[in-house]
Amino acid sequence: MVRMCADGVKPEASRLNYPSALHGLWRIAREEGLAKCFRGIGPTVLRSVIMNASQLSCYDMIKEALLGTGRIADGVPLHLLTSALGGTVAVTLVAPVDVMKSRIQSSTEGATAAQIVARSLRNEGVAVLFRGWAPAWLRMAPTTMLTFMFFEQLKKIF
């Protein structure tokens, strides 16, 4: 899927032109070997661990800290605020892994993950690690806010 999404920004001569995800997997396995279908699985798992651990823990820690001030009651406004803050921390922590994961997965050359990361940092600097942060936050913030708001409301019912 990463290769399919990245195809549109490549010059026409460099495009892979997979007509579907299944065809893309079949071509990768046939042309590059089955192991290439799993390229980037390590960064993908790491991204998921960082995202979920930071999102859940920050939500709880921020909520408890704000409740401890006595200035805000336990309700929807608190849940929306703490989930937005927790989501912001999670997106910020996961951004470097997300960028490198996408670069590793979209690479069609024979470079190792370490070589891809080193080349990106050397050519583009540390700022490359946070490329795409704003769109990621815009996607993540509403989802996180709604998830935790509904979670808290459902806890009251059940």
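Two residues are in contact when heavy atoms of theirs lie within 4.5 Å. This is a predicted model, in which local features need pLDDT of at least 70 and side-chain atom pairs count only at pLDDT 80 or more, while totals for chains, interfaces and linings use all residues. Residues are numbered from 1 along each chain as its sequence is written, and side-chain values use heavy atoms, with hydrogens and water left out.

**View A. V91 and its partners.** Setting aside neighbours within four places in sequence, V91 touches W133, A136, W137 and M140, using the contact rule above.

**View B. The largest nonpolar core.** Here are M51, A90, V91, V94, A136 and M140, 6 residues in all. A nonpolar core is a set of buried Ala, Val, Leu, Ile, Met, Phe, Trp, Tyr and Cys residues joined through side-chain atoms within 4.5 Å. Buried means under 20% relative accessible area, exposed over 50%, and partly exposed in between (1.4 Å probe, protein chains only). Helices are DSSP runs of H or I, at least four residues, numbered from the N terminus. In soluble globular proteins, nonpolar side chains tend to be buried together.

**View C. A nonpolar patch on the surface.** L34, F38, I41, V45 and V49 share about 510 Å² of accessible area, worked out by the Shrake-Rupley method with a 1.4 Å probe, where for residues only the protein chains shown count as cover. Patch members have over 30% relative accessible area and no salt bridge, with nonpolar side chains (Val, Leu, Ile, Met, Phe, Trp, Tyr) joined within 5 Å and like charges within 9 Å. V45 sits in helix α3 (residues 41-69) and is partly exposed at 48%.

**View D. N17 in its loop.** N17 lies between α1 (2-7) and α2 (21-32). Its phi is near 55°, a positive value in a residue other than glycine. N17 is exposed, with a relative accessible area of 52%.

**View E. Q115 and I104.** Q115 belongs to helix α5 (residues 113-124) and is partly exposed at 44% relative accessibility. Q115 and I104 are 11 residues apart in sequence and 9.5 Å apart in space, C-alpha to C-alpha.

**View F. Two cysteines.** C37 is partly exposed at 23% relative accessible area, whereas C58 is buried at 11%. With a disulfide taken as a pair of cysteine sulfur atoms within 2.5 Å, the count comes to 0.

Technical notes. Helices (H or I, at least four residues) and strands (E, at least two) are DSSP runs, numbered from the N terminus. A salt bridge is a side-chain nitrogen of Lys or Arg within 4 Å of a carboxyl oxygen of Asp or Glu.
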